[in-house]
Amino acid sequence: MSSSGNITEIIALFTPSELIGLDLHSSTAIVIDVLRGSSTIIHALKNGANRIVPVGEVTDARELADTYSTGEFILCAERNGLKVEGFSLGNSPFEYDPEIVAGKDLIYSSTNCSKALLASYAAERVLVGSFNNLTAVIDSVILPGRIFLVCSGKMGRFALEDAVCAGMFVNEFLKDNNHEVALNDAARTAKMLFDFHHRDILTMLKESSHGNYLMQLGQIHDLEFAAVVDSVRIVPELSLDKTYVFSTFIPKARNKEEPEPPQPTYFEPVYRTTAIAIEPGLPDVSFIDDPNI
C-alpha cells in the first residue's frame, strides 16, 4: 500500500534483499548498520570528510579511484571485519580521525552497509541511522510519510543489533500523536526485540553474533562506540543523484518553555503514539488500539 492521508507507514526490513519488488517511490529509507558502517560513516562526516561514495565491491572501489587525482580521495574497504589489503582505512570509526579524512572524498566499500545504501537508491531520501544519531534522524524525517527501516544485516542474513536499532526507531515513531502509525510485521518484531534489550544496548551488542566476532578481533571499543545513544546530531544522506553521502546537521529540539532564539531554526519535538498493522503491497490495514504494542 502507498502512504496516504494522515498515516505514517513504518516498514522494517531485516535484510536489503527484502527491498526487491517494493515500491520506494516518495519514501524515506533509513539504512541501519550498527556494527559498524553507520557509526563509521557518521564519525567520518563529523570529522570533516567531504563526501562518502558507497560502492559495492572492492574492484569497483579501485576502478573508481582511478578517476580521481592523487590526494583527493581515500580508499576505504572492509571485509569480514578487517581492512582490505591495499586500502587505507577499514570500517572502524576510530580510523577516521580529522587529520586523515578532513576535506577528502572517501571511496567506501563495506561487507554490508555500502551494499544496503546502494539497494535503497530508489527511495526519495536515503539516510544513515544508528543508535548514535537516532533522534537527529527522527527529527529530519517529514511526517506523515512512508519510511523503510533497512537493516544491513550480516552477509545477507538477519543481524540482531540492526533489528534492535530498528525497533528503537519504531518505538520513537510510535510516539507521534499527530498521525496514525502503521507497522508491518517486521517493525512490530523489531520493537519487541528493542523492548527486551533496551536497558543494556552494549550487552546486546556483545551477545550478538557479529559483536562477539568483533570482540574476538579485539574491537570492543567499536561496540562501546556504537552503543551510545544520541551522541551526535549528524545525519548522513545520499545525494539527489544517489552517488555519494553528505552530512546534514540537525539542531537539537528546543524546549517550548525556553525563550525563542533568533537563530538557528529549531525542530519542535513531536510526540508519537498510535500503531496500525500493515503489510507492504496489501490494501487492507488493521488498527491496533494498544499504544504499547
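Analyst: The buried residues of helix α9 pack against α6 (160-173), α8 (201-207) and α10 (220-226), where contact means heavy atoms within 4.5 Å, and helices are DSSP runs of H or I with at least four residues, strands being runs of E with at least two, both numbered from the N terminus. This is a predicted model, in which local features need pLDDT of at least 70 and side-chain atom pairs count only at pLDDT 80 or more, while totals for chains, interfaces and linings use all residues. Residues are numbered from 1 along each chain as its sequence is written, and side-chain values use heavy atoms, with hydrogens and water left out.

Helix α9 spans residues 209-216, and its buried residues are His210, Gly211 and Leu214; buried means under 20% relative accessible area, exposed over 50%, and partly exposed in between, with a 1.4 Å probe and protein chains only. These residues lie on the same side of α9, because they cover an arc of only 100° around the axis, the arc being that of the directions from the helix axis to the C-beta atoms. An α-helix has 3.6 residues a turn, so residues three or four places apart point the same way. On the other side of α9, Ser209 and Gln216 are exposed. After the helix comes Gly218, whose phi is positive, near 80°.

Two strands pair if DSSP finds at least two bridges between them: β1 runs parallel to strand β9 (residues 180-183), joined to it by 4 bridges, with Thr8 opposite Val181. A further 5 bridges join β1 to β8, also in parallel, and here Leu13 stands opposite Val150.

Strand β8 covers residues 146-151 and includes Arg146, which counts as buried because its relative accessibility is 8%. The C-alpha atoms of Arg146 and Ile7 are separated by 8.5 Å, although the two residues are 139 places apart along the chain. A polar atom of the Arg146 side chain lies 2.9 Å from the backbone oxygen of Asp23.

Methods: A polar contact is a pair of N or O atoms within 3.5 Å; within protein, one must be able to donate a hydrogen and the other to accept it, and residues adjacent in sequence count only if both atoms are side-chain atoms.
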